[in-house]
Protein chains: 4
Amino acid sequence: MARARLRDLGLRTGQLPPGPLNAITDVAGVRVGHATVVHDAPAVARTGVTAIWPAGGDIWTNAVTAGFHSFNGNGEMTGTIWLEEQGLLATPVCITNTHSVGVVRDAVIAYAVRERVPRPWLLPVVAETYDGWLSEADRFPVMTAHAFAALDGATGGAVAEGCVGGGTGMICHEFKGGIGTASRVAATGAGTWTVGALVQANYGSRDLLRVDGVPVGREIGRDVVPSHRDGPAGGGSIIVVLATDAPLVPIQCQRLARRATVGLAWVGGIGANGSGDIFLAFSTGNRVPLDAPVSQVRMIGPDQMTTLFEAAAEATEEAIVNALTAAETTTGRSGRTVHALPLDRLQDVMRRYRRIE
Amino acid sequence: MARARLRDLGLRTGQLPPGPLNAITDVAGVRVGHATVVHDAPAVARTGVTAIWPAGGDIWTNAVTAGFHSFNGNGEMTGTIWLEEQGLLATPVCITNTHSVGVVRDAVIAYAVRERVPRPWLLPVVAETYDGWLSEADRFPVMTAHAFAALDGATGGAVAEGCVGGGTGMICHEFKGGIGTASRVAATGAGTWTVGALVQANYGSRDLLRVDGVPVGREIGRDVVPSHRDGPAGGGSIIVVLATDAPLVPIQCQRLARRATVGLAWVGGIGANGSGDIFLAFSTGNRVPLDAPVSQVRMIGPDQMTTLFEAAAEATEEAIVNALTAAETTTGRSGRTVHALPLDRLQDVMRRYRRIE
Amino acid sequence: MARARLRDLGLRTGQLPPGPLNAITDVAGVRVGHATVVHDAPAVARTGVTAIWPAGGDIWTNAVTAGFHSFNGNGEMTGTIWLEEQGLLATPVCITNTHSVGVVRDAVIAYAVRERVPRPWLLPVVAETYDGWLSEADRFPVMTAHAFAALDGATGGAVAEGCVGGGTGMICHEFKGGIGTASRVAATGAGTWTVGALVQANYGSRDLLRVDGVPVGREIGRDVVPSHRDGPAGGGSIIVVLATDAPLVPIQCQRLARRATVGLAWVGGIGANGSGDIFLAFSTGNRVPLDAPVSQVRMIGPDQMTTLFEAAAEATEEAIVNALTAAETTTGRSGRTVHALPLDRLQDVMRRYRRIE
Amino acid sequence: MARARLRDLGLRTGQLPPGPLNAITDVAGVRVGHATVVHDAPAVARTGVTAIWPAGGDIWTNAVTAGFHSFNGNGEMTGTIWLEEQGLLATPVCITNTHSVGVVRDAVIAYAVRERVPRPWLLPVVAETYDGWLSEADRFPVMTAHAFAALDGATGGAVAEGCVGGGTGMICHEFKGGIGTASRVAATGAGTWTVGALVQANYGSRDLLRVDGVPVGREIGRDVVPSHRDGPAGGGSIIVVLATDAPLVPIQCQRLARRATVGLAWVGGIGANGSGDIFLAFSTGNRVPLDAPVSQVRMIGPDQMTTLFEAAAEATEEAIVNALTAAETTTGRSGRTVHALPLDRLQDVMRRYRRIE
């Protein structure tokens with residue numbers, strides 16, 4: 001489904017170096033799986049589920065530290081009340097469409113029951129953005145089996161981007177959106193760590209889209225590439241998942257999550273009223289067995305966080321742009337079409353603004 | 001299912017007068033419905049769904065103001081990220097068991113689709129407490145139809161308490177718990193308003209149970225009435241829903257929600273680690289059409305809030321005790337039994353401690 | 001200034017055992033100092049400063065973990081934005097009257113300058129409750145030197161209670177209030193630790209006062225002991241500082257702080273609108289050098305927190321009651337008098353309600 | 001002290017039109033005053049106080065709605081606990097240097113005492129950024145009289161920018177920083193309103209500085225204009241005050257405050273660890289008499305907020321740039337010099353990047 005990544009086009013954003021895959025899977029142990037649901041009958045579906053396993057080993061009983069931030073809360077991420085209380089993530093994370101949060105959320109519990117996870121109850125983390133413009137969301141096409149498939153199919157290595165998994169039916173800055181990922185290597189005074197981002201990007205107005213500061217959206221206006229929207233633009237949502245191997249305590253994960261705001265702003269997100277801009281960050285640098293009387297954890301020095309913050313902002317920024325460059329023009333419900341960001345025009349604009357020599 | 005309410009026993013808590021029904025439905029427009037799911041095959045189910053319609057008229061497009069508070073977030077209430085952002089409640093509220101949050105959450109959307117609600121997406125508020133000790137929660141006995149039944153069956157008037165709806169399989173202070181409700185009439189300098197509470201009570205240790213300050217739990221120890229627990233006590237959860245017709249803006253609803261903590265503490269809740277103590281408050285005193293350019297709302301003077309706070313604390317306290325006095329001894333999964341709070345012994349203890357003349 | 005502590009009267013609250021001193025100083029390293037400012041000219045002053053050093057060693061560069069909770073935020077505690085962000089406390093904590101927060105806050109910086117603390121800037125934690133009914137607060141009687149005196153005079157060991165330091169002019173449940181302290185020893189599955197509380201109690205209505213669940217305030221009504229208030233009661237504030245040697249990460253300190261709400265509710269606090277009920281909790285079980293690249297910290301297992309929560313609630317409850325039993329009848333500004341809680345009547349009431357055999 | 005505003009240079013940022021003054025004072029009733037404290041003996045002072053009166057009429061008893069957001073809380077803003085609770089601002093707002101928050105905070109109370117404000121206590125809002133590199137902050141040069149002067153001297157109309165008031169000693173993106181302001185006119189479906197921003201800008205690294213997306217900081221590197229820093233860059237802080245006449249309830253003010261993050265990110269702020277990036281937003285569109293039993297307020301429709309969000313982001317962005325273009329090269333403590341952003345070079349860079357035709 002993917003056309004290209006930003007760096008395939010001779011372009012880049014940010015100053016810090018990416019990891020080997022330039023993906024959230026550069027953080028060791030993170031695995032990503034997609035279940036893509038595309039069919040035209042009995043309902044038109046352009047939807048799916050994306051699953052992220054935060055770490056190797058048994059996440060169900062051996063948590064990672066985590067925190068979240070809601071920049072604009074017109075959306076859902078289940079499990080956040082527990083995250084806010086405990087600062088621990090002990091389930092996989094799933095992202096799907098708005099009307100399927102429930103089925104996917106219960107599916108994660110059913111999956112744990114199938115796996116005989118020794119915990120009586122669970123509070124899964126499932127987030128969403130809305131795909132009802134392209135997909136008949138009201139027909140509830142996502143099933144438990146799709147969630148299982150995404151969970152079972154998750155792997156390390158390169159991550160499929162664009163119109164896959166939960167991102168299948170998404171729209172971003174009035175172009176086709178979807179899943180994107182990127183990473184950064186942060187050399188701090190306390191060690192060198194990786195920060196990876198995975199986004200499900202479904203937000204934003206054309207006018208505000210920028211790549212490396214260049215007003216790409218205004219340059220590729222609606223007269224050049226039609227927008228899908230008849231009415232006022234600006235709605236939608238974005239989910240950002242940040243992973244790092246830097247050793248963070250929960251409050252520091254919250255801080256990291258908040259920096260997705262910066263990367264989002266750099267691309268042109270302003271947290272429009274209708275947008276659910278919700279960010280999760282977790283650290284594999286600390287593992288916390290849920291039944292240990294006391295766990296030894298490491299807490300990075302506060303001043304070392306700054307480079308991680310920059311890494312989180314940059315990874316978020318590039319992950320969004322990767323979603324745009326990867327996603328393909330898609331036709332769905334009622335014959336509606338959402339056009340992809342044209343890559344040649346993107347390069348033209350960037351050249352005119354001195355971003356390609 | 002109900003045996004008695006506290007005041008039927010010649011007992012009372014608190015200083016403020018209750019409303020005519022001493023129930024959340026004393027707030028005009030509030031309707032409550034229960035779907036109780038009890039069967040022994042194919043799975044043992046002692047579970048259900050309780051639905052609350054916050055106000056008359058079209059809640060889907062004509063919101064009430066609302067806010068929430070998580071006193072101890074080892075639980076789930078969906079829709080809270082949106083509540084925190086907008087301060088508006090524009091769906092019914094459902095309470096069920098932990099493993100059914102998803103199916104009930106999506107069911108609320110499906111219900112809106114059925115009703116042709118003119119909103120493309122929804123972020124329903126669905127909360128839970130865990131009933132897996134009495135009910136085979138891992139077999140997922142709650143269905144979409146149960147949620148529909150609770151929603152469709154909701155009425156004003158007296159509210160069934162005890163082992164009904166979402167409260168069917170609950171345990172509270174090591175006695176049988178469930179649904180309870182109460183209300184208070186608050187005469188403030190700005191007008192006289194009602195505060196109603198409905199709880200799904202599933203928390204607490206026997207030792208800490210107090211009624212009107214009397215250490216009832218210690219007096220009716222585990223040697224007198226056996227506890228269901230073999231291991232350490234203290235887990236469980238409580239969901240509190242507060243309704244008022246006092247005209248509150250969203251931030252004031254958050255304040256009111258926080259006062260459920262006081263009522264909970266008075267009965268003996270301390271927010272044990274395993275407990276999801278999550279509180280929702282809404283005000284029917286302000287209706288906000290979601291598509292109005294500007295709405296006129298009323299904001300009660302800050303100093304008038306104090307009496308409302310006392311009312312919220314008292315209503316929560318009595319609602320919990322009503323859940324205990326209403327719920328009946330229940331046998332469920334694997335022949336496990338949870339004993340009801342013995343009403344005669346309760347009266348005896350209260351008499352000894354000078355609470356009955 | 002102190003008359004008695006609760007346990008001197010043959011009374012007790014709570015189930016857990018107190019530490020040797022039944023004071024916040026049972027947590028090793030905690031030191032408390034008071035500067036009491038009482039004079040009648042040039043202004044009538046019944047005020048002061050209470051200082052708490054959270055731990056031994058160099059707190060300025062070697063922080064403890066910390067968190068806070070505002071149950072009702074009609075008050076001030078400076079430094080909380082930093083606490084929320086970093087979860088670290090690296091200054092002493094001071095409590096004074098409302099109109100002196102600024103002078104005391106800057107005094108802590110001046111103290112650090114005097115001590116040549118190697119940090120360019122500081123964000124001190126200074127909290128307040130209002131003493132303007134007894135003291136001419138508008139004349140600003142608290143000086144930098146008073147803050148220095150409280151800081152310099154701090155010691156471990158028994159803590160003066162009642163009308164001392166920041167508590168000098170305080171009023172609680174319409175009796176004379178002030179400083180109180182208590183502690184609990186919490187035996188958890190992860191080890192045995194101490195939780196200590198120190199309160200500056202200046203809140204509450206007579207009607208709601210309870211000791212161990214007994215409605216002491218209603219029994220000792222305003223006809224028995226006159227209230228200071230002509231107008232409506234219920235205002236005021238309470239600051240609670242909780243210390244523990246249990247090893248908590250910042251998010252766990254926030255959780256602990258929230259439990260002061262329970263202890264406050266047990267005595268009769270409901271967070272009246274005019275009340276600034278703000279709680280700080282810190283853990284000496286983790287020391288974090290501010291300039292360490294990475295610190296090793298310990299994180300207690302979530303399930304072990306429950307006993308700490310109960311300890312925090314009980315220590316807060318008894319600290320408030322100790323403030324009431326210690327504080328003496330005080331006459332201040334314009335000849336106004338606030339009466340102390342009469343100890344003999346307290347014992348009488350408790351006996352009638354079966355709390356003394 | 002001011003050299004130029006961005007638009008004087010033929011440059012602009014953002015899409016929405018500014019108000020007549022392009023200043024926070026475009027919101028009717030807002031007044032700004034500065035007390036600039038510059039002397040070389042007995043201590044070297046490059047410091048001051050900036051005061052903002054939020055609205056005409058009697059702010060002390062007739063509040064405006066308000067909310068705040070801490071993007072990175074390594075800083076102080078007093079009064080925020082009350083803001084979070086009540087959502088009302090009923091004092092002027094002052095900004096000063098870190099070590100003077102206390103004296104200015106108490107000065108606001110003393111000012112109210114002088115004015116015979118009929119409120120027994122106050123919780124003033126005073127924020128800070130650190131100027132100790134240029135000014136001998138440890139000598140505490142700011143006095144009560146300076147706060148009074150800023151409050152007394154406040155006026156509507158054009159606002160002095162750059163090295164004035166609280167901004168006198170500030171440093172931004174390694175250039176001379178200080179006070180800046182801007183405004184935007186937001187035409188929404190509910191009416192046309194103004195959003196104004198005033199910043200005290202003291203944050204950021206050179207490398208990250210962008211103007212309208214152009215990497216100005218990297219283009220004007222440290223070899224071109226020396227940085228003041230010997231060590232690692234990235235610290236500092238920024239206070240943003242947003243005013244609007246759009247009718248917002250408190251929770252909506254919180255939302256608006258959060259959008260300052262976007263404007264800050266556009267210029268290159270990432271919330272570095274040492275930075276106190278704290279944002280206040282208030283609405284003059286609702287006045288709330290503190291003693292009114294019930295107030296009528298207006299609540300803008302949620303979907304109308306998006307344009308206000310864009311206005312807040314843009315006004316913040318341009319206010320920061322105005323601080324940079326206005327501030328002059330300054331020499332202070334120990335002969336240290338901070339260089340101003342060179343305006344001709346700024347224009348050159350912007351021309352090369354196609355921002356000037």
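How many residue pairs are in polar contact between chain D and chain B?

## Polar contacts and salt bridges

In this predicted model, eleven residue pairs, both at pLDDT 80 or more, are in polar contact between chain D and chain B. A polar contact is a pair of N or O atoms within 3.5 Å; within protein, one must be able to donate a hydrogen and the other to accept it, and residues adjacent in sequence count only if both atoms are side-chain atoms.

Four salt bridges are counted between chain D and chain B, each a side-chain nitrogen of Lys or Arg within 4 Å of a carboxyl oxygen of Asp or Glu. One of them joins D:Arg255 to B:Glu85, with the closest N and O atoms 2.5 Å apart.

## Extent of the interface

Chain D has 31 residues in contact (heavy atoms within 4.5 Å) with 31 residues of chain B. The buried area, meaning accessible area (1.4 Å probe) lost on putting two parts together and summed over both, is about 2,400 Å² here, and carbon and sulfur atoms give 57% of that area. In chain D, the most area is lost to chain B by D:Glu85, D:Ile251 and D:Met299, together 27% of what that side buries.

## Paired strands

Strand β13 (residues 294–300) of chain B and β13(D) run antiparallel, joined by seven bridges; strands are DSSP runs (E, at least two residues), numbered from the N terminus, and two of them pair if DSSP finds at least two bridges between them. Opposite D:Val294 in β13(D) stands B:Ile300.

## Basis of the values

Residues are numbered from 1 along each chain as its sequence is written, and chains are lettered from A and ligands numbered from 1 in the order in which they are written. Local features need pLDDT of at least 70, side-chain atom pairs count only at pLDDT 80 or more, and totals for chains, interfaces and linings use all residues, while side-chain values use heavy atoms, with hydrogens and water left out.

Definitions and conventions. Helices (H or I, at least four residues) and strands (E, at least two) are DSSP runs, numbered from the N terminus.
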